[in-house]
Amino acid sequence: MLGFTEQLGQFLSRNLNWFLIVALAALLLQDIFGTHGVLAMRQSQLQAAEIRKKIDQLDSENQKLQDRVKSLKTDPTAIEKIAREEMGLARPGEYIFKIPERPGDAADPADPSNKPQRNP
C-alpha cells in the first residue's frame, strides 16, 4: 500500500495537464472579466473619452465668457448695448418707446411657460 504523499504525487502527475488547463482558463477569465480586465479597461476608456468631451465643452464655454468679460471691460459699444437692452437706459435727449408684445407673437406653442395667463 502506498502512502498518502505518494498517492497524491501520482494523482498530481497524472492530472497535471488538466490542472494547467484549468489554471490557464481561470487566468484568461480574470484577464477578460476581472476588475482590471479588458472589459473594465474598455469601460474606463469610454468614461475618460466622455469626460474629455465635457472638459472641451466647458473650456469652450469658459473662453466665450472670458471674451465677453474682456469686451465688457474694454468695448464701450458692448456696455452701451447692455445698458440699452437690459436696463432700458437712453442717452440724453433720446426717448424710449416700449411696445408691448402681443401674446403669442414670440411665444413658442410647445413651451408651457409661454402660455398667456388669465386674470379672474
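**Entry 1: the model**

I recorded at the outset that the model is predicted.

**Entry 2: the nonpolar patch**

I looked up which residues make the nonpolar surface patch. Leu28, Leu29, Ile32, Phe33, Val38 and Leu39 form the patch, with an area of about 580 Å². I then asked which helices supply the residues of the patch. Helix H2 (16-33) and helix H3 (38-74) each give at least two. The largest share, four residues, belongs to H2.

Valine 38 lies in helix H3. The relative accessible area of valine 38 is 46%, so this residue is partly exposed. Partly exposed covers the range between the buried limit, under 20%, and the exposed limit, over 50%.

**Entry 3: the aromatic pair**

I noted that a pair of aromatic rings is described by the distance of the centres and the angle of the planes. How many aromatic pairs does the count give? The count comes to one. Phenylalanine 11 and phenylalanine 19 form this pair, with 6.0 Å from centre to centre and 70° between the planes. The arrangement is edge-to-face, because planes over 60 degrees apart are classed in that way.

I also looked up the accessibility of both residues. Phenylalanine 11 is partly exposed at 37% relative accessibility. Phenylalanine 19 is partly exposed as well, with a relative accessible area of 39%.

**Entry 4: the salt bridges**

I found a count of three salt bridges. The side chains of glutamate 80 and arginine 84 form one of them, at 2.9 Å from N to O. Both residues belong to helix H4 (residues 76-85) and are four residues apart, which means that about one helical turn separates them. Glutamate 80 has 26% relative accessibility and counts as partly exposed.

Glutamate 80 also meets arginine 91 in a salt bridge, at 3.0 Å from N to O. This pair links distant parts of the chain, since glutamate 80 is in helix H4 and arginine 91 is in the segment after H4, eleven residues apart. Arginine 91 is partly exposed at 48% relative accessibility.

Which residue forms a salt bridge with glutamate 94? The partner is arginine 84, and the closest N and O atoms are 2.9 Å apart. Here too, distant parts of the chain are linked: glutamate 94 lies in the segment after H4 and arginine 84 in helix H4, ten residues apart. Glutamate 94 is partly exposed, at 35%, and arginine 84 is partly exposed, at 32%.

Key
Residues numbered from 1 in each chain as written. Predicted model: local features only at pLDDT ≥ 70, side-chain atom pairs only at ≥ 80, totals over all residues. Heavy atoms only, no water. Patch = residues over 30% accessible without salt bridge, like charges linked within 9 Å, V, L, I, M, F, W, Y side chains within 5 Å. Areas by Shrake-Rupley, 256 points an atom, 1.4 Å probe, with all protein chains shown as cover. Salt bridge = Lys/Arg side-chain N within 4 Å of Asp/Glu carboxyl O. Buried < 20%, exposed > 50% of the residue type's maximum accessible area, 1.4 Å probe, protein only. Phe/Tyr/Trp six-rings, centres within 6.5 Å; stacked < 30°, edge-to-face > 60°.
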